[in-house]
Amino acid sequence: MYMCRETIRRAVVQKFNETNGWKLESFDQLYDHIDKDKKQEANEIINSLKICDPAVGSGHFLVSALNEIIAIKSELKILLDREGKTLRDYEVSIENDELIVESEGELFHYAIGNKEKQRIQETLFHEKQTIIENCLFGVDINANSVKICRLRLWIELLKNAYYKNEVELETLPNIDINIKTGNSLISRFDLDVDISDALKKSKWDIGTYRDAVYNYKNATSKEDKREFERLIENIKGDFETEINKKDKRLIKRNKLQGELFNLTNQQSMFEMGAKEKKKWEKEVTSKTTALEKLENEIEEIKSNKIYEDAFEWRFEFPEVLDDQGNFIGFDVVIGNPPYIRQEEIKEFKPNFKESYSIYSGTADIYVYFIERGFSILKGDGLFTYIMPNKFMQAGYGQQARGFLLQNDLIEIVDFGDLQVFEEATTYPLILLARKGDPNRYLKTLPVTTLDFASGFGNYVDNTRSEILQKSLSEETWVVSSKADQELLEKVRKLGKKLGEVVNGGAKRGVLTGLTEAFVIKRELAEEWIASNSMYEHLMNPFLLGREIKPYLSKIPANYLIKIEKGFTKDNAVGDPQEWFKHKYPEIHKHLEQFQEKAEKRIDKGDFYWELRACDYYELFLEPKIMYQKFQVKPCFIYDEDGQYCNDSMWIIPTDDKALLGILNSKVGWWLISKYCTAIQNGYQLIWKYFSQIPIAQTSDKQSKDIANRVNQILKLKKENSEADITLLEQEIDELVYELYGLSEEEIKIVEGGVG
């Protein structure tokens, strides 16, 4: 697994640097620095790693981490048997997340009675046991997932179970306590809440707590296991009781109660004038209201179901607490957080808003796992997630991008629109970062091909590039190859952003209410107009996405019924239905068919105004560029016939035909691919990001040259919608290459990027 290999090796190097005061920069340097007489110490350093998956699911990452650590020890020649002897003649590797042990090219197989194979089997068993018990931690809200994760780790251990004698297997330890059920995102207590008083007032200390956990893991009977389990719960219960006493809300409540008591008793001690009494009553009312609000908050927290599964990172894992009970954190946080829109769990939103700096009202909850992941890391700890790449450009990801830029980004592996997970339509990236101040460079790797036959992460395009982290902003992230980044930097300097070129920005199409009521066939519209010319100003051609082809649309098959500009239910005279019946009888008769359906979702009177004119209706009547929001190839058209569209299409209010040529060119499509959100085989042109693409400034001659070709295309398309415009498109591409000053090599980059 690529993520585990990259992250854990970095973490191992960091552990050795911290322990020995070294300044090694790579894993390759580590082998020569390990003292061959201190292999046991080297093992202890690696075994001190603490790795956590806060959304552990079935435990895939923890199993990968387990095997990776053993492979690392083998590679460093410090994999020791129980007597401290090195496994010299064995090579340990990982294939498809499976641990492979070989000797002289042959796979290792355990055999009872073979002394050497017994030695190897015992070594692997106890290595796995040590790593599972000391290094691996996980949490998941789904109790069944937790059971599966524990089972997977247990099976990994069982793979190397051995016989102590001819009939008796070595007892399997209790490895379940590090994998816990709970909601990783919800906690009652902050990580920095003081538990020193809890330790002083309790008969327990952190050492006792750690010993209880250790004894639980090594308990050999169910009775012992239950006894240590009760002890652990008692210790945590005492911590929780003492911490609760220091809750800010409780302290504030007690203070308010005291102030209110003093206020309400001073009236009997002093005679008040009218002015003083009014002031006193106002203060009493204010404090009473505040106290009631606080009492309600405290009661809500006590009874709130969202806290039923709250996970208390503050003290659930004593392994990441120091001797004073301070939360130190994990060396590595790794995972694949859930992709669930928070609208599906609305009851949690108030807590997210209060607890997370990256809160966004429309975010997918995986962004909160980003902040949670960093919060449970120790200083300089390593963070790696695989998650949707959409967050790099989506509006809800802006806060998360800003948060990440405050830390040290190491690498982004972007899979673009590749379907990595066969069971889910999600386009992911891998993000590797370090908690702490940012360094200078961020490595990026755009992946263009996956080789699923040889396992996840084995990709063909291994061309990394380095970009300055400070060149990224929270607005949007563009991750490309080094050549792409250099070309992007060049074209950015040549002109302005599209949003600055277009006065007022792009506008969405019409949001229809009942489409079947207000969008009618062309034939019917023409029939109405022929019968009464008054209908003409209420009818406009209405484009659908399937009618769009580059440069010019087909003749629309539909018309839109719209209410005239400025006429709304608020300034209508009398009953709108009667008004329509009198002035536009055909429309009234048509709309009556949908009245019953409309009444189920809107007020009866409002139905006729469901398609009220929006503030920019007049823009549809002006010359404009129109485009589909979802594009699998360049598809921008020019319209001067007053055509309307729904919100799957947008309009750019300009008659600039040179701009139309640029947007439909290969350069335009290449820029869209860098700035817009990837979808299957195409891109989603969200204006916020689409508006960032750089449009080169043109001279009059350059503008006329491109516009002339566009005019020729429009003329051909009007005469024949299937006309071949290939040569003219090629000429426009060449003119746009010249406009952006692209070299032959840069043209190859563009053409290679657009397919």
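Student: How many bridges join strand β14 to β22?

Tutor: We're looking at a predicted model, where local features need pLDDT of at least 70, side-chain atom pairs count only at pLDDT 80 or more, and totals for chains, interfaces and linings use all residues. Residues are numbered from 1 along each chain as its sequence is written, and side-chain values use heavy atoms, leaving out hydrogens and water. Strands are DSSP E runs of at least two residues and helices are H or I runs of at least four, numbered from the N terminus, and two strands pair if DSSP finds at least two bridges between them. Strand β14 (residues 507-508) runs antiparallel to β22, and the bridges joining them number 2.

Student: Which residue in β22 is the bridge partner of M626?

Tutor: Strand β18 (residues 624-628) pairs with β22 in the antiparallel sense, over 4 bridges. Within β22, M626 has as its bridge partner I651.

Student: Are M649, W650, I651 and I652 buried or exposed?

Tutor: Buried means under 20% relative accessible area, exposed over 50%, and partly exposed in between (1.4 Å probe, protein chains only). M649 and I651 point one way from β22, W650 and I652 the other, yet all are buried.

Student: How many residues apart in sequence are the parts tied together by D331 and K15?

Tutor: Their side chains meet in a salt bridge (a Lys or Arg side-chain nitrogen within 4 Å of an Asp or Glu carboxyl oxygen), at 3.4 Å from N to O. D331 sits in strand β7 and K15 in helix α1, so the distance in sequence between the parts they tie together is 316 residues.
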